Amino acid sequence: MIVVNDESFDWFEKMNIYNLFKTMGYTLKKPSVLIKVNNTVIKKSEWDDYFIPDNSEITVVNLLRGG
Amino acid sequence: MTTSRSFSNTEISETHNILHTPEIASKLKKLTIGIAGLGGLGSNAAVALARAGIGKLILVDFDRVELSNLNRQAYFLEHIGMYKTHAIVDIISRINPFIDLIPVRTTITEKNCMAIFESTDLVIEAVDEAETKEMIIETILTESEIMPIIAGSGMAGYGKNSILTETKLGRLRLLGDDISEVSPGVPLMAPRVGIVANMQANAALEILLGEWK
């Protein structure tokens, strides 16, 4: 089980960031978001090789165009 | 009526001492804030921080002022065609010529981001593109262990004051409504962009001075 922005989701072996997005309903493969797993920022350049540990607390912050 | 009288650093500092208290004025004068992007968020946040009496601003942008910027950015018609770094220096110098202003005319990348902002006490993220926002936030949070960053996300359109909020995520503060992305029919407009810019400047003061009691 993992908790993403206070919502619980099932966890599975070798769950990666892309699996997480799919679970959350994102349609883009690499959306503009900030991801923190157990309070550590996972940079976009690390997404390909990163596996989410079970029982992780994850924060996903959407970043919208405009400034 | 205009005045041609020039004012001394002492006169401006003493006015800040009276208006803001000597303790706050003195603290602000010693601080450096970096502003990444000088569009609607960055130009307005820079002006607010200059009026507050920040000692030093590092002002970063690659672009020139265009007519289409004037619906929300701090510039004037006379600035069209100028680099935003130079235009904002012109504006701030007319508010307070004794602020240490460092214009950096460049595109912010993962490689140069920390070098640009390494001497700052705090960074305000104020760029337009979502991917660049992400890169700047990721870089500051992973390559510095202490530097706070204040970002803006969700400020397009008008109205809906009540949904503009502040989210605190460790060293990151996120200002905006988290839903209003600029898109066809949902433009960036001065009031809402200005509110978020001033929220960013306000959050910067709170982080650097401590919570107001």
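**Notebook: chains A and B**

I started with the contact between the chains: 28 residues of chain B meet 15 residues of chain A. I keep in mind that this is a predicted model.

Next I asked which helices of chain B each bring at least two residues to the side that touches chain A. They are helix 3 (40–52) and helix 6 (130–143). Helix 6 of chain B holds the largest share of that side, with eight residues. I then sorted the residues on this side of chain B by type and got 12 nonpolar, eight polar and eight charged.

I moved on to the largest nonpolar core, which has 69 residues. Which members touch the most others? My list reads Ile35(B), Ala45(B), Ala46(B), Leu49(B) and Leu57(B). Helix 7 of chain B, residues 190–209, gives the most to this core, namely eight residues.

I looked up Ile35(B) by itself, skipping its neighbours within four places in sequence.

Then I turned to chain A. I found one helix and five strands there, in the order β-β-α-β-β-β from the N terminus. Its C-alpha atoms fill a box of roughly 35 × 25 × 25 Å along the principal axes. I checked the radius of gyration too: chain A has 11 Å, which agrees with the value near 11 Å for a compact globule of 67 residues. Of those 67 residues, 22% count as buried.

How values were computed: Residues numbered from 1 in each chain as written. Chains lettered and ligands numbered in written order. Predicted model: local features only at pLDDT ≥ 70, side-chain atom pairs only at ≥ 80, totals over all residues. Contact = placed C-beta atoms within 7 Å. Helix = DSSP H or I, 4+ residues; strand = E, 2+ residues; numbered from the N terminus. Nonpolar A, V, L, I, M, F, W, Y, C, P; charged D, E, K, R; others polar. Core = buried A, V, L, I, M, F, W, Y, C linked by C-beta atoms within 7 Å. Buried ≥ 20, exposed ≤ 12 C-beta atoms within 10 Å, placed from the backbone. Rg over C-alpha atoms; globule rule 2.2 N^0.38 Å.
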